[in-house]
Amino acid sequence: MADALSLFLELAALPSPPGKERAVADRVLAELHGYGLEVEEDDAGSRIDSEIGNLHCRLPGRSEGGTPIFFCAHLDTVPPQAAIEPVVGEDGIVRNAAGTILGADNKAAVVAMVEAVRRIVAEGRPHAGVELVLTPKEEVGLVGAGAFDHTRLEAELGFVYDQAGPIGEIVLGAPWSRTMQVRFHGRSAHSGIAPEDGRSAIAAASRAIADLRLGRIDPVTTANVGLIEGGSARNIIPEWCTFQAEARSHDEATLIELVQEMQETFAFAASLEDCTLEVEINESFSGYRHGRDDRVVQLAETALTRCGYEVRTALSGGGTDGNVFVGRGIPCVTLSNGMAEIHTPDEHIAAADLETMVDVSLALVDAARA
């Protein structure tokens, strides 16, 4: 059995891009089984093209009354671009010596929750009921959590540690999000012999992108085009071009209006270049907004205060597995856990923050029992 830091160093060193989480899942399963706990792995893996399903572990309550809670973290990371060699510097900060991501997002959360469960078991700590949900493929649209049967939970409230920033921050809201797969169809022709016979799908896509409002649209709304692909050869008028876009907003009505505006922009560009158009729009996740008086927020405030932190609140521009559970009627709050510069080669976390989030987890368990 490993302590929080050594377990984190082990997990971080295991690459786990979305859909390839088996090695990390097996290490976590071995750890939990070593505590004498049973863990169920659901059949989501076969449905979402992942090596693993969702892992679910339940500790039945040991006290009367109180509120049963669950902790949720994801086992995947954004794809690393090189090896992962986590090292602890003299300053107590864990970084990757190999020049790619560290994987603190979200393995730091996994470790804090698993170690908290270990201490609950080892100390015979009283609690109202604690569950773990560890998911695959979060980084590509909360896919694992979306495939999890939430009715298996006995917990009434949940906590996700998936916000980069100093410990003490509670996320009160997350945006609604839509993704767009946009494909322009033109007509191919030799660019040197008969360019007038061609219809450039790349020109149409480029015009559309140039006319879009991108970046921060207003204080709570953003839009982006992140991927583009098209053409077949340098000297061929491109017959097709595809790009992927997204829009997010904390105001659902604003998001709906923005997505409609983007569709109209796509269509206008296609008409100008005499191309046809296909657009597929999907909901990435539903947004939410907690109130300071909500039970789940009050528990988080109590736990953080007991651990000596001044509580701050924030809105997130991203989604977490918490969006899925809130959307299904289970209050779930996201907490910052000290990770920084996530998704970059500068990603890091203080070793002390790993231990602190164990303490915060136990304080949440105690607060929920009260």
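The paragraphs below lead through a predicted model of a protein, from its overall build to its strands, a helix and some of its side-chain pairs.

The protein is built from 10 helices and 17 strands. Its radius of gyration is 23 Å, close to the 21 Å that the globule rule gives for 370 residues, so the protein is as compact as a globular protein of that length. Taken along the principal axes, the C-alpha atoms fill a box of roughly 80 × 40 × 40 Å. Of the 370 residues, 51% count as buried. Among the contacts with a separation of 6 or more, 79% are accounted for by residues 24 or more positions apart.

Strands of a sheet pair through backbone hydrogen bonds, either parallel or antiparallel. Strand β3 runs parallel to β6, to which 6 bridges join it, and within that pairing I69 has V130 as its bridge partner in β6. Strand β3 also runs parallel to β7 (residues 157-163), here with 4 bridges, and F70 has G158 as its bridge partner in β7.

Another sheet is open and consists of 3 strands in the order β4-β5-β17, with antiparallel pairing. Strands β4 (86-88) and β17 (348-350) stand at the edges with a single partner strand each, so one side of each is left without a neighbour in the sheet. Neighbouring strands of this sheet are turned against each other by 25° on average, direction ignored. Helix α1 (residues 4-12) packs on the sheet, where it touches β4, β5 and β17, and the direction of this helix makes about 150° with that of β4. Within the sheet, β4 and β5 (residues 93-96) pair in the antiparallel sense over 3 bridges, and P86 stands opposite N96 in β5.

Helix α10 takes up residues 351-369, and at 1.5 Å a residue its 19 residues should span 27 Å, which agrees with the 28 Å that separate its end C-alpha atoms. This helix is mostly covered, since 14 of its 19 residues are buried.

Turning to charged side chains, the structure holds 23 salt bridges. In one of them the side chains of E131 and R58 meet, with 3.4 Å from N to O. This pair links distant parts of the chain, as E131 belongs to strand β6 (residues 130-135) and R58 to strand β2 (residues 55-59), 73 residues apart. E131 is buried, because its relative accessible area of 2% is under the 20% cut-off, whereas R58, with a relative accessible area of 32%, is partly exposed.

Another salt bridge joins the side chains of R119 and E115, with 2.8 Å from N to O. These two residues are 4 residues apart in helix α4 (residues 104-123), so they are separated by about one helical turn. Both R119 and E115 are buried. They also belong to a network of salt bridges that links E115, R118, R119, E355 and D359.

A further salt bridge is formed by D274 and R199, whose closest N and O atoms are 3.0 Å apart. D274 lies in the loop between α7 (252-272) and β13 (276-285), and R199 in the loop between β9 (176-185) and α6 (201-211), so the pair ties together parts that are 75 residues apart in sequence. D274 counts as partly exposed at 48% relative accessibility, and R199 counts as partly exposed at 24%.

The last stop is W240, a residue of strand β12 (residues 240-249). With a relative accessible area of 24%, W240 is partly exposed. Leaving aside neighbours within four places in sequence, W240 is in contact with R183, F184, A201, E229, G230 and G231. The C-alpha atom of W240 is separated by 39 Å from that of A104, and these two residues are 136 residues apart along the chain.

Notes
Residues numbered from 1 in each chain as written. Predicted model: local features only at pLDDT ≥ 70, side-chain atom pairs only at ≥ 80, totals over all residues. Heavy atoms only, no water. Expected span 1.5 Å × (residues − 1). Buried < 20%, exposed > 50% of the residue type's maximum accessible area, 1.4 Å probe, protein only. Pairing = 2+ DSSP bridges. Axes fitted to C-alpha atoms, helices over the stretch in contact; angles between N-to-C directions. Contact = heavy atoms within 4.5 Å. Salt bridge = Lys/Arg side-chain N within 4 Å of Asp/Glu carboxyl O. Rg over C-alpha atoms; globule rule 2.2 N^0.38 Å.
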